[in-house]
Amino acid sequence: MLPCQALLPAVVFALTALQALASDTFIAAVYEHAVILPDPTEEPVSPDHALALMNKNMDVLEGAIKEAAQKGAHIIVTPEDGIYGWRFTRESVYPYLEDIPDPVVNWVPCTDPSRFGPAPVQERLSCMARNNSIYVAANIGDKKPCNSSDPKCPSDGRYQYNTDVVFDPQGKLVARYHKYNLFRSETQFNYPKEPEVVTFETPFGKMGIFTCFDILFYEPAVVLVSKMQVDTVLFPTAWMNFLPFLTAVQFHSAWAMGTGVNLLSANTHNTSMAMTGSGLFTPEGPAAYHYDSATEEGRLLLAELSTHPRLSATHPRAISWSLYATSIEKFPGENDTFSGAVRKDMFTFSELRHKDGNYTVCQGDLCCHLIYQMSDKRKDEVYVLGAFDGLHGSVIKYHWQICTLLMCLSTNLSTCGQPVETAQTKFEMFSLSGTFGTSYVFPEVLYSGVQLAPGEFEVLRDGRLKSKQSTSKPLVTATLFGRLYEKDLPHPLRS
């Protein structure tokens, strides 16, 4: 017979599972972590030195996990790089890695830590989940030995992977995911040979998981949603914000709305690298989110989410993204356009010169249409309608189609497309649409101060992004962000 103390986590887990099964909702949490970084070095530190740094970060994460569990959360997601940081070489990251087995081995590191060799990080994460009766998702590093029989084996005899792990409320490893779309600076890690589509079942829906840059690509992001039919995606990320379209909160919220699933987005927090922005995003908009570019503090977020959002009466219906825009004849002002750069992407812009109007701007196969009415046409602020249809990225090139109502940095039109966070102009109404060649379109509205606009806009079935009423805050951008995955160029780095 097991002692009562050993039985307690199992009993608590069983009660939690029954409670979740009896409800159409569950409580989710994400933690935005201000990561304690290692000292920069190209030489490997000792394993003890590496573990000491990781324990400092896990001390912080453990506090957040305990607080989330005490507040009733069933699951918590922590950030990418949240345990050891970044800026490693292939050699210097090695002491921070552990051998992470396939979850089919049915392993609880908290109670059997040495089964697969030294695994102090997995042991501690497992115990955090078990002791608090909560699912815990975290990002760590995996190492796998290889030899000359594998023609792709690196010269140092090992593969190294950016890896997500999930432990259930009993501490069992239930998911392991190797990041497939590495960002260009992640040279310390290998690309997996094949994309992994990782799912696991919980009492509150089918979960999937991927990491940061993955969200912009067909594999694994679209596959998880379209083919595997997950209800919720866990998303550890280390997202650097890029206005006007790619701040964490606006794009992640848009992705959840565009795909019709819950997205639990946990970002790292580092203001010097413009890393902030986490949230619990649903098909109807953000349930909770956080964006803080001023302080160095972490933040715990919790919200009650639908267990099966696809079954909800408010779940977004199928949208024909080009239906309305293709019915619009081009208006006379269309040729009065100019080019402007959003980072390195050359957009076609047209200035909104009046308090209200109809505009159409085209580039490539994409025509963008806007109907709008400003509350007041200010002389010190300029807005444009913009269109982009082409490849984005310097090394890894992928195809965007973007229609945007955008505020310029100044009245000088050459600043249109440069980052801007604050505005003064409110709109009585706007309706934005485009002749998109894809069904993967993500709607974004961003207010002054990098604030979202939950409940203030809608996407009609004919593809219009439309305000429901006058904007409650000044508008920075309203954007339809499309992805033509089939036009992406072959990946130049994945061997």
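Start by selecting Thr360 and His369: their side chains make a polar contact of 3.2 Å. (A polar contact is a pair of N or O atoms within 3.5 Å; within protein, one must be able to donate a hydrogen and the other to accept it, and residues adjacent in sequence count only if both atoms are side-chain atoms.) Before you go on, note that this is a predicted model, where local features need pLDDT of at least 70 and side-chain atom pairs count only at pLDDT 80 or more, while totals for chains, interfaces and linings use all residues. Residues are numbered from 1 along each chain as its sequence is written, and side-chain values use heavy atoms, with hydrogens and water left out.

Stay on Thr360 for a moment. Thr360 sits in strand β15, residues 356-363. (Helices, H or I with at least four residues, and strands, E with at least two, are DSSP runs numbered from the N terminus.) Thr360 counts as buried because its relative accessibility is 6%.

**Next stop: helix α2**

Select residues 47-70. This is helix α2, with 24 residues, and from its first C-alpha to its last it reaches 33 Å, close to the 34 Å expected at 1.5 Å a residue. (The expected span is 1.5 Å times one less than the number of residues.) Show side chains for the buried residues of α2, among them Leu53, Met54, Met58, Leu61 and Ile65. What do the buried residues of α2 pack against? Color β1 (25-32), β2 (75-77), α3 (120-132), β3 (135-145) and β12 (299-306), and you have the answer. (Contact here means heavy atoms within 4.5 Å.) Just after α2, click Gly72, which takes a positive phi of about 95°.

**The charged trio**

Now pick Asp59, Glu62 and Arg124, which are linked in a network of salt bridges. (A salt bridge is a side-chain nitrogen of Lys or Arg within 4 Å of a carboxyl oxygen of Asp or Glu.) The Arg124 and Asp59 side chains meet at 2.5 Å, N to O. Arg124 is in helix α3 and Asp59 in helix α2, so this pair ties together parts that are 65 residues apart in sequence. For Arg124 and Glu62, the closest N and O atoms are 2.8 Å apart. Glu62 is in α2 as well, so its pair with Arg124 ties together parts 62 residues apart in sequence. Buried or partly exposed: which is Asp59? Asp59 counts as partly exposed, at 44% relative accessibility, whereas Arg124 and Glu62 are both buried.

A search of the whole structure finds 16 salt bridges. For another one, jump to Arg464 and Asp462, which meet at 2.9 Å, N to O. Arg464 counts as buried at 19% relative accessibility, and Asp462 is buried at 16%.

Color the open sheet of six strands in the order β5-β4-β3-β2-β1-β12, where the pairing is mixed. (Two strands pair if DSSP finds at least two bridges between them.) β5 (173-178) and β12 stand at the edges with a single partner strand each, so one side of each has no neighbour in the sheet. The twist averages 30° from one strand to the next. (Axes are lines fitted to C-alpha atoms, for helices over the stretch in contact, and angles run from 0 to 180 degrees between N-to-C directions.) Zoom in on β4 (158-167) and β5, which run antiparallel and are joined by five bridges. There, Val166 has Ala175 in β5 as its bridge partner.

**Last stop: His252**

Select His252 in helix α5, residues 248-259. His252 counts as buried, at 0% relative accessibility. Its side chain makes a 3.1 Å polar contact with that of Ser265. Leaving out residues up to four places away in sequence, His252 also touches others, including Phe235, Trp239, Leu263 and Phe281.

Zoom out: α5 lies across β8 (232-237), β9, β10 and β11, and runs at about 20° to β10. Those strands belong to an open sheet of six with mixed pairing, in the order β6-β7-β8-β9-β10-β11. To finish, find Leu263, which stands opposite Phe281 in β10.

Conventions. Buried < 20%, exposed > 50% of the residue type's maximum accessible area, 1.4 Å probe, protein only.
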